[in-house]
Amino acid sequence: MLNQGQLGTPAERWSAQLGLGLQRVRATETLHITGRITRATGIILEATGLRLSVGSGCRIEMPSRKSQWAEAEVVGFDGDTLYLMPLSDTTGLQPGARVAALDTAASSPLPLPRHGNELQPTISIARSQPAGWQLLGRVLDSTGRPLDDLGPLPETDAAPLMVPPINPLARAPIDTVLDVGVRAINGLLTVGRGQRMGLFAGSGVGKSVLLGMMARYTKADIIIVGLIGERGREVKEFIEHNLGEDGLKRAIVVAAPADTSPLLRIQGATYATALAEYFRDQGQHVLLIMDSLTRYAMAQREIALSIGEPPATKGYPPSVFARLPALVERAGNGAQTTAGTGSITAFYTVLAEGDDQQDPIADSARAILDGHIVLSRHLAESGHYPAIDIEASISRVMSMIVPPEQLRRVHRFKRLLSRYERTRDLIAVGAYAPGNDPQIDEAISRHPWLEAYLQQGISQSIDYANATEELAQLFEAGGQS
């Protein structure tokens, strides 16, 4: 038995008792609340026994797989039943599999998968993602993991995926021309810094080529490229051939290919927008290219229909048309009161199925964007590149950022082009006699130069000053200058 001297001072005895208590607490098994998978239909899993909010992440037990677990997100609920959308393949899922909230991942009873001494890479649900200048030249997936072979990401800041919207009355106005390096756009569809434009095109009409040209030649500090729902082959082709080495040096690419979960496709578009917001808030002028807005809407449609939301227009539920403006409105100029206000000029591609410009997504996008550029299959098939249909395209802020004389030339250009197109068949069969209509005569005489102005080589960059000068020269000396 220890005497009083061996017990030490009161402080030492208290410290010893506290240490013993801590050991007992650590040895006590923590209570974990888990649920069970009750149903799996299509891409939706149903679980009971948990109370989680929509958007929460959870972990599902997968004992038949090497990784032993998979992650999912709560996308809806019905009473006590949660609807879960897995972020990866769930082959091997068993009835009654356990489900635990990701918030308790540090002490979760579900074992973490290991490969040797390292944790296996996982798909994770996060409310913030890596962001910073260190990411320039990198290709990332929807969760911020690198897809290239350039090693792990360095220490970076974190950008929240969802931020409060900017007060529309506080935004800086669009009053500066943005040079995109494409003559037809610079001269006839002038884009303003902070504008949001749609690129409407069917398949195989040169959409990716035009995006690559703008990514290489646009006068912007940072370029963010979001490749949403593209085929894996197209992702590599766009980076290597359309964007190029020089374009990649000042760009960050976020890729969510077509074979990923609908949640990851949506998160990819959100992450690309969050990166653009991060640099805009630092006073940078950002070019955001998202290909495509249609596949973002399709991903939301997959989720909404899977949890029972009724379709409204051509199979698209109402939530799709609510999500589109919520995403697009995040682009634009920053708050006017911020010192060194940055901007996000965004180009969203919209796929016109069967070249149908009345597709519900195309129609909705036209209403929420600040202009649209339409690519014509007829022009592409005739070897006219870029295949921009000037008559069907418009920039809604052009009248506020260019001088009046340029607007007059643009109107004259479109008038002559339109007059020629309306009488093309008569001219082709020789049914039109020169001298009957002075405007048609002028359209016929100037048409070769009008067409030449609209065409441009892939490796050719024509800045705004040269584009406007060539437009002025087009109507001088018979258009032959």
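Predicted model: local features only at pLDDT ≥ 70, side-chain atom pairs only at ≥ 80, totals over all residues.
Let's start with strand 14, which spans residues 196-201. How many of its residues are buried? The count is 6 of 6, so the strand is mostly covered, where buried means under 20% relative accessible area. If you look along strand 14, you'll see Arg196, Gly198 and Phe200 pointing one way, while Met197, Leu199 and Ala201 point the other way. Both of these sets are buried.

Now look at what strand 14 pairs with. One partner is strand 19, and the two run in the parallel sense over 6 bridges. Within that pairing, methionine 197 sits opposite phenylalanine 347 of strand 19. Another partner is strand 20, residues 371-374, again in the parallel sense, with 3 bridges to strand 14. Here the facing residues are leucine 199 and, in strand 20, isoleucine 373.

Phenylalanine 347 is worth a stop of its own. You'll find it in strand 19, which covers residues 343-351. Is phenylalanine 347 buried or exposed? Its relative accessibility is 0%, so it counts as buried. Setting aside neighbours within four places in sequence, the contacts of phenylalanine 347 include Val180, Val191, Met197 and Met214. The run from Leu287 through Leu288 and Ile289 to Met290 also touches phenylalanine 347, as does Ile373.

Next, follow the chain to helix 8, residues 360-368. This helix is mostly covered too, with 7 of its 9 residues buried. Those buried residues are Pro360, Ile361, Ala362, Ser364, Ala365, Arg366 and Ile368. Which elements cover them? Strands 14, 19 and 20 are among them, and so are helix 6 (293-306) and helix 7 (318-328). At the start of helix 8, have a look at aspartate 359, where a side-chain oxygen comes to within 3.0 Å of the backbone nitrogen of isoleucine 361.

What does its side chain reach? The backbone oxygen of threonine 190, at 2.7 Å. Leaving out residues up to four places away in sequence, serine 395 touches Leu189, Thr190 and Val191, along with Gln195, Met197, Asp370 and Gly371. Val191 and Met197 also turned up among the contacts of phenylalanine 347.

Elsewhere in the chain, glutamate 71 sits in strand 4, residues 68-78. Glutamate 71 counts as buried because its relative accessible area is 6%. Isoleucine 60 is 11 residues away from glutamate 71 along the chain, and the C-alpha atoms of the two are separated by 6.1 Å.

Finally, head for the surface and helix 1, residues 10-27, where you'll find tryptophan 14. Tryptophan 14 has a relative accessible area of 58%, so it is exposed. Together with Leu18 and Leu22, Trp14 forms a nonpolar patch on the surface, and the three have about 340 Å² of accessible area between them. Why might residues with such spacing line up? An α-helix has 3.6 residues a turn, so residues three or four places apart point the same way.

Methods
Residues numbered from 1 in each chain as written. Heavy atoms only, no water. Polar contact = N/O pair within 3.5 Å; in protein donor to acceptor, adjacent residues only side chain to side chain. Contact = heavy atoms within 4.5 Å. Patch = residues over 30% accessible without salt bridge, like charges linked within 9 Å, V, L, I, M, F, W, Y side chains within 5 Å. Areas by Shrake-Rupley, 256 points an atom, 1.4 Å probe, with all protein chains shown as cover. Salt bridge = Lys/Arg side-chain N within 4 Å of Asp/Glu carboxyl O. Helix = DSSP H or I, 4+ residues; strand = E, 2+ residues; numbered from the N terminus. Buried < 20%, exposed > 50% of the residue type's maximum accessible area, 1.4 Å probe, protein only. Pairing = 2+ DSSP bridges.
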